[in-house]
Amino acid sequence: MATLTPSPALPPYSPAPPVPSYSPEPADDEERIELTPRAGAHPTGNYIKTIGRDSVVLAEQEASAEFPTYGRRASIIGCVSLEDRQSISEIVVKIKGKMDVMITEGVSLTSSLIHESHTLWSSEKSHTSTCPGVVPFSVLLPTHYQDANLIAHPLPPSYEIPCDTSTGVYFRSSYTLSVTITRTRIRKLQFLSKHKTIPIKFIYSPRMRPWRPIQPSSDFLFDVKVMPEEFRQVVWEITPRPNSAAQALDLHLFLPMVEIFGLADTIPFHVQLAGPVASLRHFFADPPGLAVSIVRQVVVDLGGRRAARNLVIGTARLSASPPGFGAERDAEAGTASLGWDGDVRCHADTLVGMFNAGGVRVRDFFVVQLLPRNLQTIQEFTTLRHSHPIKLVTDSWLDASSSAARDGNR
């Protein structure tokens, strides 16, 4: 019979040392290899809501914020601070999100975006009979939700469009965190329990920034000719109506090539209207016969019906530009051009970029509208309003070098 050889005794182990503290800034003997820039310091304040003698504390928030804010893949980190702990039998945190949509004729739908419940402490499952005075928690927010057809869509940001009587379009996406504290004077008589709920509305704001900066420009039209690869040119034909004596015109829009802009960016552009002098006279006016704006379009598909609503979220400043190269040659041919330089920025209350949440899509457009001096000219052309899609995102472009320099100066 074979003899089993005893295995050697395992060496003794000591408890692992505590995890060292970390800092985003390199030490004296370290160097930064790569940096993902951020648009400001990470918030370190607390958001606190108290009802009675119980409080919910949410960490990593702006100290003066009206509501806590969380981004994509964020964790809601906080704790519940308690008094009268002897009678507590359970603490539950719930995360809820919903999307309310309505269009004309009273067709409406409420969709659940998030519905999660987590038990933070329970007397039935705890090894101690008394709840601790501070109960920490950390809840990871999902990035998607499923619609009625089980199709996944990104969670929409917190956003609301008040109801409009003409289109009937209404939209709201909202998110809440609530902590429910259950107290039972007599543990065996659960039906005598009292429940206290501390609700907190929070803002969901998934952030995004452009992949490149806006090309700085002091003379837009000159820069377009010198660096054409840095600009996008859009051309529309202003077509006369049938049997009209008017002649066709060409409307040119020049934008920075990136076409993705932060909500706080000032977007430069140039507009040129070219064609026969006789037709151009209708648009030569003071103030300029032109209006440029950023228009947000909200499209809702609900119950086989589609409704849309347009909102002006930015109005441009314009100034007439001098004639460009070749003006004399064009004049000899009986043609000419009118030009305008301008810039536009979203209104300060525009806090959300474009998004697609399935049945609701929010898109943004650069809209150029010609404004002739008289109403008769409007009847001469098929349309004097044209649009070009752009993408608005929450943050402006930020390069690593300027971010590092700013952080070093703090």
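Tyrosine 159 and phenylalanine 355 are both buried (buried means under 20% relative accessible area, exposed over 50% and partly exposed in between, with a 1.4 Å probe and protein chains only). The model is predicted: local features need pLDDT of at least 70, side-chain atom pairs count only at pLDDT 80 or more, and totals for chains, interfaces and linings use all residues. Residues are numbered from 1 along each chain as its sequence is written, and side-chain values use heavy atoms, with hydrogens and water left out.

A search of the whole structure finds seven aromatic pairs. Rings of Phe, Tyr and Trp (its six-membered ring) pair if their centres lie within 6.5 Å; planes under 30 degrees apart count as stacked, over 60 as edge-to-face and the rest as tilted. The ring centres of tyrosine 159 and phenylalanine 355 are 6.0 Å apart and the planes stand at 90°, so this pair is edge-to-face. Tyrosine 159 belongs to strand β10 (residues 159–161) and phenylalanine 355 to strand β21 (residues 355–356), so the pair ties together parts that are 196 residues apart in sequence. Helices (H or I, at least four residues) and strands (E, at least two) are DSSP runs, numbered from the N terminus.

Another edge-to-face pair is formed by phenylalanine 269 and phenylalanine 366, with 5.3 Å from centre to centre and 75° between the planes. Because phenylalanine 269 lies in strand β16 (residues 267–276) and phenylalanine 366 in strand β22 (residues 360–370), this pair ties together parts that are 97 residues apart in sequence. Phenylalanine 269 and phenylalanine 366 are both buried. Tyr70, Tyr175, Phe202 and Tyr204 form one aromatic cluster.

The protein has five helices and 23 strands. Four of the strands form an open sheet in the order β1-β2-β4-β7, with antiparallel pairing (two strands pair if DSSP finds at least two bridges between them). At the edges are β1 (45–51) and β7 (134–140), each of which pairs on one side only. Strand β1 is joined by six bridges to strand β2 (residues 54–61), and the two run antiparallel. The bridge partner of lysine 49 in β2 is valine 56.

Over the protein as a whole, buried residues make up 39% of the 410 residues. Among contacts (heavy atoms within 4.5 Å) with a separation of 6 or more, residues 24 or more positions apart account for 68%.
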